[in-house]
Amino acid sequence: MRRVVCPGSFDPVTNGHIDVISRAAQLYDEVVVAVFRNPSKTALFSTEERLELLRETTRNLENVRVEHVEGLLVDFCKANDISAVVKGLRAVSDFDYEMQMAQMNYSQAGVETLFMTTNPLWAFLSSSLVKDFAKFGGDVSGLVPPIVLERLNKRLREQ
Ligand code: PNS
């Protein structure tokens with residue numbers, strides 16, 4: 001079985017993430033969406049909430065499963081017979097960091113990274129930007145799935 005992983009913090013999942021996950025699902029037998037905590041970011045949604053939103057928004061993709069992962073991505077790959085990571089690349093600004101991570105993962109564990117160019121529709125999009133825009137009253141309805149929009153607005157109202 002050809003299995004890949006799409007890792008991220010997904011706080012929250014955006015249309016850009018869904019685009020990459022669904023395109024990867026057309027290329028591979030199985031896509032594991034691995035939800036990590038990114039220690040350099042403060043999360044708006046708990047891990048359980050991020051998992052739920054991802055599961056809801058990918059439920060139409062039969063070969064996609066969503067998991068919470070702790071520790072190193074390469075260890076998860078080895079334990080789950082996953083030989084490659086799929087990452088969306090939006091712009092050159094993503095490149096340096098992604099390249100470093102990819103080379104680290106390959107040099108230490110032989111895990112490949114495949115970069116998928118983001119659909120230009122979502123090239124500017126990030127979870128952080130969505131949260132910032134929504135926080136100040138911006139309308140992000142075209143940028144995230146409806147259930148994410150609902151939860152995001154609710155969370156921001158509560159704050
Ligand atoms: O959505 P993000 O926050 O940009 O995702 C970053 C993530 C989770 C993909 C990255 O931090 C990662 O791969 N973390 C897993 C832990 C790990 O293996 N770290 C070493 C990377 S060289």
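Biologist: How far is an oxygen atom of the ligand from an N or O atom in the side chain of Ser9?

Modeller: This is a predicted model, and the distance is computed from its atoms. Ser9 is among the residues that come nearest to the ligand. Between an N or O atom of the Ser9 side chain and an oxygen atom of the ligand, the distance is 2.6 Å.

Biologist: How far from an oxygen atom of the ligand does a polar side-chain atom of Asn38 lie, and what is the distance for Lys41?

Modeller: Asn38 and Lys41 also belong to the residues that come nearest to the ligand. A polar contact needs N or O atoms within 3.5 Å. For Asn38, a polar side-chain atom is 2.8 Å from a ligand oxygen. For Lys41, an N or O atom of the side chain lies at a distance from a ligand oxygen of 2.8 Å.

Biologist: How much of the ligand's area does the protein bury?

Modeller: The ligand exposes 550 Å² when taken alone. Of that area, the protein buries 78%.

Biologist: Which pocket does the ligand take up?

Modeller: Around the ligand there are 13 residues. The space that the ligand takes is the largest pocket.

Biologist: Which element supplies the largest share of the shell around the ligand?

Modeller: Strand 1, residues 3–8, and helix 4, residues 92–109, each supply at least two residues of this shell. The largest share is three residues, and the element that gives them is helix 4.

Biologist: How many residues of the shell are nonpolar, polar and charged?

Modeller: Phe36 and Leu73 are among the residues that come nearest to the ligand, and both types count as nonpolar. Lys41 is also among the nearest, and Lys counts as charged. Over the whole shell, the division is six nonpolar, five polar and two charged.

Biologist: Which residues does a cis peptide bond join?

Modeller: The bond has an omega of about 0°. One of its residues, Pro12, has its place in the loop between strand 1 and helix 1 (15–27). The cis bond joins Asp11 and Pro12.

Biologist: Is Phe10 buried or exposed?

Modeller: Phe10 is found in the loop between strand 1 and helix 1. Its phi is positive, about 50°, although Phe10 is not a glycine. The relative accessible area of Phe10 is 4%, and buried means under 20%, so Phe10 is buried.

Biologist: Is Asp81 buried or exposed?

Modeller: Asp81 is a residue other than glycine with a positive phi, near 55°. Its place is the loop between helix 3 (73–79) and strand 4 (84–89). Because its relative accessible area is 59% and the cut-off is over 50%, Asp81 is exposed.

Biologist: What separates the C-alpha atoms of Arg37 and Glu70?

Modeller: Arg37 is in the loop between strand 2 (30–35) and helix 2 (47–57), and at 59% relative accessibility Arg37 counts as exposed. Arg37 and Glu70 are 33 residues apart along the chain. Their C-alpha atoms are separated by 7.5 Å.

Biologist: How far apart in space are Glu62 and Ala25?

Modeller: Glu62 is found in the loop between helix 2 and strand 3 (64–68), and at 82% relative accessibility Glu62 counts as exposed. In sequence, Glu62 and Ala25 are 37 residues apart. In space, C-alpha to C-alpha, they are apart by 8.7 Å.

Biologist: How far apart in space are Tyr106 and Ala134?

Modeller: Tyr106 lies in helix 4 and, at 46% relative accessibility, counts as partly exposed. Tyr106 and Ala134 are 28 residues apart in sequence. From C-alpha to C-alpha, the distance between Tyr106 and Ala134 is 37 Å.

How values were computed
Residues numbered from 1 in each chain as written. Predicted model: local features only at pLDDT ≥ 70, side-chain atom pairs only at ≥ 80, totals over all residues. Heavy atoms only, no water. Near = heavy atom within 4 Å. Polar contact = N/O pair within 3.5 Å; in protein donor to acceptor, adjacent residues only side chain to side chain. Areas by Shrake-Rupley, 256 points an atom, 1.4 Å probe, with all protein chains shown as cover. 1 Å grid on protein atoms, 1.4 Å probe; cavity = no way out; pocket = protein on both sides within 12 Å on 5 of 7 lines; lining within 4 Å. Sits in = over half its atoms within 2 Å of the grid points. Helix = DSSP H or I, 4+ residues; strand = E, 2+ residues; numbered from the N terminus. Buried < 20%, exposed > 50% of the residue type's maximum accessible area, 1.4 Å probe, protein only.
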